[in-house]
Every structure is written in C-alpha cells, then in structure tokens.
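Here is a short briefing on one model. Look over the sequence and the fold before reading on.

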Amino acid sequence: MNATTLYVPAEATALSLGADAIALAVAREAAARGQDVRIVRNGSRGLFWLEPLVEVVVNGARHAYGPVAAADVPGLFDAGFLQAAQHPLYLGPTTEIPALRGQQRLTFARVGVIDPASVPDYLAHGGYAGLRRALAMTSQEIVTAVTESGLRGRGGAAFPTGIKWKTVLDQPPQQKYITCNADEGDSGTFADRLLMEGDPLSLIEGMTIAGIAVGATRGFIYLRVEYPHAHRVLNRAIEAARVAGYLGADILGSGKAFELEVRLGAGAYICGEETSMLESLEGRRGEVRVRPPLPAIKGLFGQPTVVNNVVSLASVPVILERGATFYRDFGVGKSRGTIPLQLAGNTQHGGLYEVAFGMSLRELLYDRGGGTASGRPIRAVQVGGPLGAYIPESQFDTAIDYEALSGIGALLGHGGVVVFDDTVDIPAMARYAMEFCAKESCGKCTPCRIGSTRGVELMDRVIANIDRERNLQLIEELCETMLHGSLCGLGGMTPFPVQSALRHFREDFLAGRSPAPSRQ
Ligand SMILES: Cc1cc2nc3c(=O)[nH]c(=O)nc-3n(C[C@H](O)[C@H](O)[C@H](O)COP(=O)(O)O)c2cc1C
Ligand code: SF4
C-alpha cells in the first residue's frame with residue numbers, strides 16, 4: 001500500500017503553536033495503527049488563525065484541517081482523516097478555503113505547497129522555468145522584461161526594479177554584486193520570512209536571474225538575525241541548488257556563474273536601510289552612507305550592486321516565466337502586479353494575502369480580516385511599518401496602491417497593516433514613533449539623533465498636559481525639520497505616524513480624552 005502524504009508546516013508561526021509535536025503525534029499514531037504515512041514539513045499558507053494547518057493528500061487533492069493541536073491527532077485518526085473524512089477541524093479541499101481562493105498568488109504560489117528545500121518539488125511546481133528563459137535571453141532583454149513588468153521595490157521605497165538593474169548593467173564589466181535585503185524590520189510584517197521559509201528557491205532563482213541580467217557573479221542574502229528557521233532552510237536550499245547545478249561556476253552548462261551565501265544581520269532596524277546594510281555586510285557598524293554615489297554604481301566593497309528586497313527578487317521568476325505583460329496585467333495605475341499584504345494587530349484573520357494592487361483597505365480589514373479580534377470597532381490602522389501613517393476609518397475606502405496611499409499622506413512600505421480598535425491610545429502611539437526613532441537612530445545626522453529624543457520629551461509634556469498647545473506646535477515644527485533635514489528615511493519618515501496621529505486624531509491630544517476602556 002502506498003504511504004499517505006501529510007503536510008505539517010515547519011514555519012515559525014506553526015512551530016510556535018506546536019507543529020513539531022503534531023508531526024510527532026501523527027507519526028506515532030500512524031505507526032501504532034499500522035498506517036503508512038509520509039510527512040512533509042512545508043511552509044505556511046499564511047492563514048495564521050488556522051495554524052497549525054495540517055493537510056492530507058487523498059486522490060491527488062489536498063485536504064486541510066486546522067487549527068490542529070497534538071491532542072487532536074488521535075481523534076483525527078479515529079474520524080478517518082487519512083481519507084479526508086469529516087471532523088470539526090476539517091476545512092475542506094485546501095484550495096477551496098475562501099481566504100486562499102480570493103487571492104492572486106503569483107510570488108507566493110508555491111509557499112505552503114512544496115517541500116521548501118527540495119529542488120525536484122520546486123521543479124515539479126514550475127520552478128526554474130524563469131531561469132531557463134533568462135539563460136536564452138540577452139542581459140538587456142532580461143532587464144527590459146523586468147522594467148516592462150512594472151515591478152517596483154517591495155522593501156518600502158517602491159523604486160522601479162528594472163531601472164535599478166539597468167544602472168548596474170550599464171556599469172563597465174567588473175565584480176558586481178546582487179544583495180538581498182532580508183532584514184525585514186517593520187513591525188507587523190512577515191512576507192519575507194514566509195517566502196524564505198516556504199519557498200526559498202524562488203528567491204535563489206530570482207537572485208540568479210538578477211546576476212545574469214546585470215553581470216554579477218556573487219550574491220549575499222542579508223538575513224534578519226531573529227529568523228533562525230529561515231536561516232536553516234535558506235542554507236539547505238542553496239546547497240540543494242548548488243548540487244543540482246543551479247548555482248556555481250557553470251549554471252546548467254551555460255558558462256554563466258553565480259554564487260550565493262547568507263549573512264546574518266546585526267539586529268538593528270537601521271541595518272535594513274540599504275546603505276547601512278552594505279556597511280554591515282562589509283563588517284562595519286550599520287551606519288547610513290551619504291548618497292550619491294548610489295549603491296548601483298558604488299555599493300558593496302565599492303562595486304556596482306543591486307540591492308533588492310526578498311519579495312522583489314522572488315517575483316522575478318514568474319515575470320520571466322510568464323512574461324512582463326502577464327505580470328503587469330494585475331494591478332492598477334503605476335502599481336502593477338501583486339502585493340503580499342500582511343494583516344496583523346487586532347484582527348480576527350491575521351496573515352498574508354497576496355492580491356493585485358487596488359483592493360480597498362476596507363475590503364482587506366473587514367471582508368478578509370473579519371474586523372477586530374476584540375469585536376470592537378476599528379479606530380485606526382497603521383500601514384507600512386513603524387514609520388507609516390495612522391489612517392482613520394473615514395479613509396478606509398482608499399485603494400491599496402502606491403499612489404492612492406501617498407495621496408492621503410500615507411505609504412504602503414513593505415505592505416504591513418496593523419489594526420487598532422477604539423481602545424487605542426493614540427498619543428502613546430505617537431510618542432512611541434519618536435521613541436522608536438531615538439532607539440534605532442544610527443546617530444549620523446542631527447535632526448534624527450537629537451530631534452527624536454526632543455520629540456519624546458515634547459510628547460511627554462503634551463500627555464502630562466503641560467503647556468499643551470505650545471508643545472503641540474513645537475512637535476509640528478520638529479516634524480517639519482526631521483522630514484526635510486534627515487539623511488535617511490528613519491528620521492525622514494518618523495514624522496508620518498506623528499503628523500497623521502495629530503491630523504486625524506487631534507482630539508485625543510487635546511481635552512485629555514482617554515481611550516475607551518479595553519474591558520467592557
Ligand atoms: C530605516 C529603514 C529601514 C529599512 N528596512 C528595510 C528592510 O528591513 N527590508 C527591506 O527590504 N528594505 C528596507 N528598507 C528599504 C531599503 O533601504 C531599500 O529601499 C530596499 O531594500 C530596496 O529594495 P527594493 O527596491 O526591492 O524594495 C529600509 C529603509 C529605511 C529607511
Ligand atoms: S536619519 Fe537617523 S538613521 Fe538616518 S542617517 Fe540620520 S541619524 Fe542615521
């Protein structure tokens with residue numbers, strides 16, 4: 001009799017909820033009942049409220065159960081879950097789960113589906129088709145395809161990826177580098193981690209294509225040090241790709257070389273800023289470099305360097321495989337393709353939703369997220385990480401695309417959306433923005449280094465109702481100075497959460513309004 005295949009995620013969220021114990025319990029229970037099973041440790045589908053989500057393959061189709069606890073396993077066997085039988089935890093065929101069906105998964109198509117570091121499984125799911133195409137193209141043709149796809153950097157700045165690559169390609173032949181920014185420091189974001197834990201080969205393939213496109217033979221993944229699971233999976237996948245001939249001195253016999261290694265980050269938010277990341281990669285303290293020169297011209301070790309986010313690079317294989325037009329047909333305006341939105345905070349259905357640009361915030365928050373976990377009204381969302389604006393309910397019909405968000409003074413950043421209900425203490429959140437900046441500042445420029453500390457002090461005085469109007473005015477002036485006088489985005493964007501809080505929730509800073517009590 002053939003073994004029944006089961007999938008139990010080995011992704012950090014599922015692991016923290018007991019996925020290892022479930023895998024063990026399934027193996028034990030099957031052995032005790034004389035049933036033959038094959039357990040694959042996959043990534044997460046990104047539906048966190050259903051984790052750990054266990055899947056069983058029956059007649060070639062995957063059926064999901066979740067959220068499963070180790071203690072549920074004997075009952076699941078009793079119910080006949082190896083035959084996809086009914087059970088209170090049964091969710092139906094995995095692809096029919098509404099939260100998955102309503103997504104357009106291009107970059108995350110294989111995440112949660114395949115065995116992450118298995119080259120054969122990757123190939124069986126369309127992997128490396130993009131690289132094969134790229135190997136038959138000229139460098140210029142690859143860069144043109146990426147440019148025409150409309151792909152913009154998913155790390156935060158939304159700069160067109162093809163234009164960045166073209167700058168590196170246009171530098172005279174010399175040692176060039178591809179660096180992947182996997183520092184993922186924004187609060188409430190986890191797309192890079194889910195991608196690296198669930199489908200690291202798509203990142204490796206994207207970096208390899210980037211290397212061939214611009215003439216770079218070496219790559220580095222700068223990985224957030226707090227991602228030990230991603231670290232292990234990435235290293236296994238790099239080794240597997242090397243053994244299979246997809247990395248190394250002669251990729252698939254093409255005569256083209258590309259080598260790749262992972263370097264662990266230094267554990268500071270500022271190390272995610274690209275020039276600071278390059279300093280850190282070179283073994284120095286993560287301090288921001290003055291630009292120009294751009295990293296594309298003088299980057300790692302003074303050489304032309306591509307710096308791209310994980311999601312940007314992992315989106316390249318599907319663009320090469322299916323064509324620029326296929327990719328750019330998703331999205332709206334100048335925001336082409338798909339974006340993995342990460343819903344977190346006080347939400348019922350937190351997780352990752354890869355959708356075409358253009359969905360409204362309201363649809364994400366209510367139709368997908370199901371409102372707050374607390375059951376109270378949503379009062380604000382912070383979009384784009386700790387430096388993103390607070391958006392009030394009156395603006396929830398804004399489309400999620402780069403231009404629409406910037407039109408209301410917000411930014412999409414890396415796609416994190418953190419939800420707050422009406423118990424949120426907005427002045428405390430505004431204070432936190434300044435405090436975060438003070439703690440994470442690299443110290444190179446005065447508006448950020450000194451301004452953020454003064455900002456905390458001013459906010460303390462406002463909260464303590466000391467000369468409130470005057471101190472609020474000083475905060476506004478300080479924000480203008482930081483906005484226009486900071487050397488990089490940390491000091492330059494810290495005003496966004498503060499100014500948006502003051503603009504949309506002014507009353508919270510005035511009459512000593514206290515937030516709604518958190519308990520009814
Ligand atoms: C303070 C600060 C922190 C940043 N952190 C990250 C990060 O963790 N990951 C990331 O990809 N980009 C981060 N960025 C953006 C990078 O500087 C850069 O724009 C990005 O890595 C370029 O890749 P992309 O074009 O593919 O987005 C940060 C920027 C700033 C100002
Ligand atoms: S804005 Fe802050 S983090 Fe950026 S260079 Fe200036 S001091 Fe450093």
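Predicted model: local features only at pLDDT ≥ 70, side-chain atom pairs only at ≥ 80, totals over all residues.

Residues are numbered from 1 along each chain as its sequence is written, chains are lettered from A and ligands numbered from 1 in the order in which they are written, and side-chain values use heavy atoms, with hydrogens and water left out.

**Ligand 1**

- Ligand 1 sits in the largest pocket. A pocket is an open set of points on a 1 Å grid over the protein atoms alone, where a 1.4 Å probe fits, with protein on both sides within 12 Å along at least five of seven lines. To sit in one, a molecule needs more than half of its atoms within 2 Å of the grid points.
- Around ligand 1 there are 21 residues, the closest being Gly155, Asn181, Asn308, Asn309 and Ser312. A residue counts here if one of its heavy atoms lies within 4 Å.
- Strand 9 (305-309) and helix 21 (489-493) each supply at least two residues of this shell. Strand 9 gives the most, with three residues. Helices (H or I, at least four residues) and strands (E, at least two) are DSSP runs, numbered from the N terminus.
- A polar backbone atom of glycine 155 is 2.7 Å from an oxygen atom of ligand 1. For glycine 272, a polar backbone atom is 3.2 Å from a nitrogen atom of ligand 1. Glutamate 274 places a backbone N or O atom 3.0 Å from a ligand 1 oxygen.
- Taken alone, ligand 1 exposes 600 Å², and the protein buries 91% of that. Accessible areas come from the Shrake-Rupley method with a 1.4 Å probe.

**Arginine 62**

- Arginine 62 lies in strand 4 (residues 61-65).
- Arginine 62 counts as buried because its relative accessibility is 16%. Buried means under 20% relative accessible area, exposed over 50%, and partly exposed in between (1.4 Å probe, protein chains only).
- Its side chain makes a polar contact with the side chain of glutamate 55 at 3.1 Å. A polar contact is a pair of N or O atoms within 3.5 Å; within protein, one must be able to donate a hydrogen and the other to accept it, and residues adjacent in sequence count only if both atoms are side-chain atoms.
- The arginine 62 side chain also reaches the backbone oxygen of valine 113 at 2.7 Å.
- Beyond neighbours within four places in sequence, the contacts of arginine 62 include Tyr7, Asn42, Arg45 and Gly112. Contact means heavy atoms within 4.5 Å.

**Leucine 123 and tyrosine 128**

- Leucine 123 is in helix 5 (residues 119-124). It is partly exposed, with a relative accessible area of 37%.
- Leaving aside neighbours within four places in sequence, leucine 123 is in contact with Tyr128 and Tyr246.
- Tyrosine 128 lies in the loop between helix 5 and helix 6 (129-135). With 1% relative accessibility, tyrosine 128 counts as buried. Its phi is near 65°, a positive value in a residue other than glycine.

**Other backbone details**

- The peptide bond from glutamate 51 to proline 52 is cis, with omega near -10°. Proline 52 lies in the loop between strand 2 (37-40) and strand 3 (54-58).
- Arginine 291 and proline 292 are joined by a cis peptide bond, with omega about -5°. The loop between helix 12 (274-281) and strand 9 holds proline 292.
- Asparagine 59 lies in the loop between strand 3 and strand 4. Its phi is near 50°, again positive in a residue other than glycine. Asparagine 59 counts as exposed, at 81% relative accessibility.

Conventions. 1 Å grid on protein atoms, 1.4 Å probe; cavity = no way out; pocket = protein on both sides within 12 Å on 5 of 7 lines; lining within 4 Å.
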